Amino acid sequence: QLVLNALAGLRCEGHLLRPQAVVLGGGGSLTMAPLFGGIIEGFMKFQPSSQLIFSAIGASASVMALIDGTLDFAVTDEILPQSLLQGHDLVVVPVVATAVAVTYSLSEAPSGCNLVLSQEALVRIFNGSVSVWNDPIIAQLNPFIPLPATPITMVLPGSVDQFTLAFKQALGRFDPTWGATQDTTDQPIWPAAVRPRLIFAQSFVHAASLVQMMDHVITFVPASAAQSYQLDVASLGDVTGLEMLPTVESIGAAVDGATFDGTFQADILNSDIEGAYPIVVFSSIVLRRVVPGPSCAPPAALGGFIQWISTNVTASELMQSQGFVAALGGPSTQLDAVLRTLTCGGKPLVPPLPPPPGLNLVPILVPIAAFLLIATAIFIYVGRRIQTRLIEMRRQLDDVQVAVELSDAIATFDLDRMAFLEEIPNPTSTQQSCL
């Protein structure tokens, strides 16, 4: 634990810090409140001296409260402009990723049969060019659902929020002609064609409740809300046309394809990774890079909290149980680099990395040399044994060859002797003829 280990010996204004109770205040959207409530509870068990309080005051309001010093950290789903980060010397660390799920209520759909929508169909529903459930563009994707000729009622957020912005940005990625809406400061503007069938919801919780109570409606909510309220979720086509539900795996695929920029932020809407759910956003913790002091324990505890979220298995499991995925999923060199830029009282919050030691080859070369010596000795011994055996076998072969040649010579001698004897006249027969 990089920051927690540093905290044990951290000095601030020349004084050694000892573990002490610290209180940290953070804020974010209502959607993030259940997740961060559980994560904070787990971290305080791990680090009892830290007390963190999360207020669901909204992402934008939390960033402003961080800037004016009211809060110690903010949680946002928006990619913050570099001008804001540099102007107020803020640091962004991605911690979780979640999907924006398209949910619906359709009593005609068989149980366990999810509605399927292509990216084109989704854009046309929300720009108003598709207004009934049995429109051919929907029917051809859902041959097993008896779609009714009923108008599609749309339940949409009545205020600006980060998930609504992400959803509308995704529609723009799906179809470049989508441009009928520009958000105002009070409420998002939706195309005129959908307004007769439009019901504004006060929040995502309200939208989820309306989907539960009504029929033939469609909306979008964070995947965590869809999971909590057990809503039916549509399968969306990814960049290849593959139908994807917002699962831990499909959200994780989008996260795996993320490329973070210099501010540690990434846009993963409509990722080009196959199997990635097309509407996924990061939620990041924003904190001040420089803390004036005099106490350095709070920022050190906050750094420890961020690293615990990013690397702890318990935190990752808690995220997945609520439909979120860890943004980093383990140790990150970029996270370490960001944490090492934090300062308190003019001094680094985390000690700089020590210079790399000179390369000492002795521990490496000694065992290698010993191995080579032993291997050489074994090779020489085995070689000599093989050579001795070959000489013995050669001698045996020579002996066998001599014996064979001797045998052949004896046999030849016997044959010659027999032939000679046969050629000598028989004295008895000669004497008999003379008589």
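Helix H7 covers residues 162-174, 13 residues in total. At 1.5 Å a residue it should span 18 Å, and its end C-alpha atoms are 18 Å apart, so expectation and model agree. The model is a predicted one. Much of what follows concerns burial. In H7, the buried residues are Gln162, Phe163, Thr164, Ala166, Phe167, Lys168, Ala170, Leu171 and Phe174.

Phe126 and Leu117 have the most contacts inside the largest nonpolar core, which has 108 residues. Strand S6 (residues 90-105) gives the most to this core, with 10 residues. A second core is separate and has 9 residues, including Leu66, Leu80, Leu84 and Val286.

Now the surface. Ile374, Ile378, Tyr381, Val382, Ile386, Leu390 and Met393 make a nonpolar patch of about 700 Å². Of these, Tyr381 lies in helix H14 (residues 362-423). Tyr381 counts as exposed because its relative accessibility is 56%, over the 50% cut-off. Thr247 sits in the loop between strand S13 (243-244) and helix H10 (248-256). Its accessibility places Thr247 in the partly exposed class.

| Residue | Relative accessibility | Class |
|---|---|---|
| Tyr381 | 56% | exposed |
| Thr247 | 32% | partly exposed |

Thr247 and Ala99 are 148 residues apart in sequence, yet their C-alpha atoms are 8.5 Å apart in space.

Methods:
Residues numbered from 1 in each chain as written. Predicted model: local features only at pLDDT ≥ 70, side-chain atom pairs only at ≥ 80, totals over all residues. Heavy atoms only, no water. Helix = DSSP H or I, 4+ residues; strand = E, 2+ residues; numbered from the N terminus. Expected span 1.5 Å × (residues − 1). Buried < 20%, exposed > 50% of the residue type's maximum accessible area, 1.4 Å probe, protein only. Core = buried A, V, L, I, M, F, W, Y, C linked by side-chain atoms within 4.5 Å. Patch = residues over 30% accessible without salt bridge, like charges linked within 9 Å, V, L, I, M, F, W, Y side chains within 5 Å. Areas by Shrake-Rupley, 256 points an atom, 1.4 Å probe, with all protein chains shown as cover. Salt bridge = Lys/Arg side-chain N within 4 Å of Asp/Glu carboxyl O.
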